[in-house]
Amino acid sequence: MVTLRISGIDCYYGSIKALDNVNFSVREGEFVGILGPNGSGKTTVLRSISRVLKPHKGTILIGDENIYEMKTVEVAKQLAVVPQSTPVTFDFTSLEVVLMGRNPHMPRFKMESKEDLAIARNSMELTRTWEFADRPVTELSGGERQRVIIARALTQEPQILLLDEPTTHLDISNQLEIMDLIKHLCKTKKLLIVAVFHDFNLAARYCDSIILLNDGKIVAVGESNETLTSQNVRKVFSVDTIVKKHPITGFLHVIPISKPRNQQQKSLSIHLISGGGTGSPVMKTLLDEGYRVTAGVLNLLDTDQETAQLLKIPTTSEAPFSPITEEAHRANLKMIRKANVLVITPTQFGAGNLKNLNAAETALKEGIPTILLEDGSIEERDFTNGKATNYLTKLKNNGAITVKSTSELVHFLDKLENKNNKNFHQKKEP
Amino acid sequence: MTSMNLSKAEADYFKRFARWKIIVILLTLALILTIAFAVTIGPMQIPPLDVYKIIIKNIPFLGDLVRGGSSSIDEVVVLQVRLPRVLAAAIVGIALAVAGVVLQGLFRNPMADPYLIGISAGASLGASLAIAFGISFSFFGLIYSIPLMAFVFALGTVLLVYSVARTGQGVQMLTLLLVGIAVNSFLLAIMAIVRIVSGDAIHAIMAWLLGSLVASNWDYVKIVLPFVVIGVALIYVFAKDLNIMLLGEEEARHLGVDTERLKRIMLVSATLITAAAVSISGIIGFVGLIVPHIARILVGPDHRILIPSSALAGAIVLILCDTIARTIVRPVELPVGIFTSLLGCPFFIYLLRKRKRSVIW
């Protein structure tokens, strides 16, 4: 029964603190993943466990033994490491490299025995590297070489396996194959595994628990659904994500949405009339450009409504699949009046949302510039026997502007924005 | 799982242990033949058979088997001039080649040679001082001030380099390399001063710097042999660890190698054998750099075979080159370093072009 206990370790590179009071423990048969941004200390955790970087404070125990008081060879009998990459300035064959994994178990003056070779062969067959056993590692591809290194780690017959982004160099099929193998060994051979990941989804798929690391400190520990929350990911990576259980695999799925661009905030505020997903890309683009965005009326559960929620865009909303009520309509008009520009996306219009076009008419009359994003398919989108088309034609006749794409829209808005700023300054000057 | 039917790759793997034995036996035979050939060559014409008779006569127990006398001059030439010189060449060749293998492995750098971390500069300075200022002192009743000064200065320089490069975390190989280069340049500058003020002694200094075995005698052999035997044996004990070191220091540690201890043992051993060799031969280039590469091309990168084959090849190469150096332009002796490079480099380039295994270095 092997356990790995890390208690209160602080690690330094020179005077820079890389790990700050890191605590966790792992049991045999457990697969722990470490996630965190670049420079958060993920690899440092592995380096301290593998005795490369001695912590200034705290202890690391295998069972009851402090690893820094054990002999190098004793540690190597129990613990194997698969690094991110291995330098190849030598021309050993794959088999020779894998057999080096037997080193901690071999007496100094013995050559490799048949048993050693059988163990090496077995791990090479598991990692599908036996077929190029006698090829020099210098001639292998990155993925093949990484599989050789994993075979070497298995040949050490360790109880603890440390992996530093083990599948970074592998294609998707190899990634899954190797991770499946490691997971299998973890369960069948009761291997204790600590692995650093870059890929949330890979970590969520294979790890029993996940450690989220930021600035050398543990932010969260636990099962993936407890640790990989949208909030935690935003806190650590400052990226907005959707976290969902994947409908087919059942694994947690983390989908990055955006990292907010540090665009200068613009003065114009834009209201969107949209629906059915036609407004989603516009919302993101306008936010990225630095405009303030509102939207409505949108039905709850509508794609655009969900996007708006995710992007924290204020909306007027209506119950799912219901026509717009008078109340929502008035709230929407109020919202539109606060905006400087109104944009109508090419959504479908039916009896339920025709009120939105009515609102647009009112807005245009009140002097709010209105822009129609058109794709030339009004007839196909009109489920109101021409009422919507009428509205749109009227809007155009009364001075609404038509643009054909989001980029044209942005271009036009930028012109308005500049004009607006000029006016603002001119008013101030005299 | 442990199938006793070996596949081809497995069978091949075990065949190589047998192959290693054959390589060592063949190279040992080649070395014996080289020695046997070299002792018959010299400015004085002595029939080969007489040479062997003289040698065998002086081997305990075997001596009685040989009958027939030979002139006492022949005996002096063979026993006091040729034999110690050939053996000294063998010992120096072994030392330089093995030290080269060790440093190339340790630094994972194909450019590494035994002189990398200051040995040559230190030894040169020591020898130059001894020659220029006629420094002389006795050592166990023997007066060999030049070798002694060379040896002491070589060790002192490496010690300096090592202690400067050392930090609390151990020794960084890259720092060691850079400090070695810096100290080398520094000592070479001092050497230049010594040469300028040395007057007529400059020719003797130049000759020493080019490397020569002309001064070899039995005392040299007896003093240097223990260093080389112990040093090479110690290095061979850690041959397997040196293999693993090629994967990188961190990985070597993960595979159970105490890398700090390994570096210490290897550096001390390589320094001792090189300094011992240099003290009696001067700075002989090429052998320590290229013999290991030649051996690597021929037998592969595994240090368990690479070390013995480099050692034997180094001895053979240096004996042959020295034999040419002392006979080609009679009665003048040319520095042996000229021939190690002149003959070795084209051969090395030929092997590089012809190699089958992909050798990065």
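This is a predicted model: local features need pLDDT of at least 70, side-chain atom pairs count only at pLDDT 80 or more; totals for chains, interfaces and linings use all residues.
The model scores ipTM 0.83 and pTM 0.79. Chain B has an average pLDDT of 85, and 91% of the residues score at least 70. Within chain B, the mean pLDDT of the elements is lowest in strand E2 (residues 170-171), at 78, and highest in helix H13 (residues 303-327), at 94.

Chain A is assigned two domains, domain 1 (3-257) and domain 2 (269-422). Their C-alpha centres are 51 Å apart.

The two chains meet at an interface in which 30 residues of chain B are in contact with 33 residues of chain A. On the side of chain B that touches chain A, the elements giving two or more residues are helix H1 (8-38), helix H9 (239-245) and helix H10 (249-254) of chain B. H1(B) gives the most, with 5 residues. By type, the residues on this side of chain B are 14 nonpolar, 6 polar and 10 charged.

Next comes the interior. In soluble globular proteins, nonpolar side chains tend to be buried together. The largest nonpolar core here has 187 residues, and those with the most contacts inside it are A:Ile193, B:Val92, B:Ala95, B:Val98 and B:Ile273. Helix H3 (residues 72-107) of chain B gives the most to this core, with 19 residues. Beyond the residues up to four places away in sequence, B:Val98 touches B:Val232, B:Ile235, B:Ile273, B:Ile307, B:Ser310 and B:Ala311. A second, separate core has 37 residues, among them A:Met283, A:Val297, A:Leu395 and A:Leu413.

Helix H13 of chain B has 25 residues, of which 22 are buried. From its first C-alpha to its last, H13(B) reaches 35 Å, close to the 36 Å expected at 1.5 Å a residue.

Helix H3 of chain B also holds B:Gly105. Is B:Gly105 buried or exposed? B:Gly105 counts as buried because 25 other C-beta atoms lie within 10 Å, and the cut-off for a buried residue is 20 or more. Apart from neighbours within four places in sequence, B:Gly105 is in contact with B:Leu242, B:Met245, B:Leu246 and B:His303. The C-alpha atoms of B:Gly105 and B:Leu247 are separated by 10.0 Å, although the two residues are 142 residues apart along the chain.

In chain A, A:Glu417 sits in helix H16 (residues 406-428). A:Glu417 is partly exposed because it has 19 other C-beta atoms within 10 Å. Leaving aside neighbours within four places in sequence, the contacts of A:Glu417 are A:Lys266, A:Ser267 and A:Leu268. A:Ser224 is 193 residues from A:Glu417 along the chain, and their C-alpha atoms are separated by 45 Å.

Some backbone details of chain A remain. The peptide bond from A:Gly296 to A:Val297 is cis, with omega near -5°; A:Val297 belongs to strand E14 (residues 292-299) of chain A. A:Asp215 is not a glycine, yet has a positive phi of about 55°. This residue, A:Asp215, lies in the loop between strand E9 (209-214) and strand E10 (217-222) of chain A. A:Asp215 counts as partly exposed because it has 15 C-beta neighbours inside 10 Å. A:Asn385 likewise is not a glycine and has a positive phi of about 55°. Its place is the loop between helix H14 (378-381) and helix H15 (387-397) of chain A. A:Asn385 is exposed, since 9 other C-beta atoms lie within 10 Å.

Terms used
Residues are numbered from 1 along each chain as its sequence is written. Chains are lettered from A and ligands numbered from 1 in the order in which they are written. Two residues are in contact if their C-beta atoms, placed from the backbone, lie within 7 Å. Helices (H or I, at least four residues) and strands (E, at least two) are DSSP runs, numbered from the N terminus. Ala, Val, Leu, Ile, Met, Phe, Trp, Tyr, Cys and Pro count as nonpolar, Asp, Glu, Lys and Arg as charged, and the others, Gly among them, as polar. pLDDT is the predictor's confidence in each residue, from 0 to 100. A nonpolar core is a set of buried Ala, Val, Leu, Ile, Met, Phe, Trp, Tyr and Cys residues joined through C-beta atoms within 7 Å. A residue is buried if 20 or more other C-beta atoms lie within 10 Å of its own, exposed if 12 or fewer, and partly exposed in between; C-beta atoms are placed from the backbone. The expected span of a helix is 1.5 Å times one less than its number of residues. Domain bounds come from an automatic or database domain assignment.
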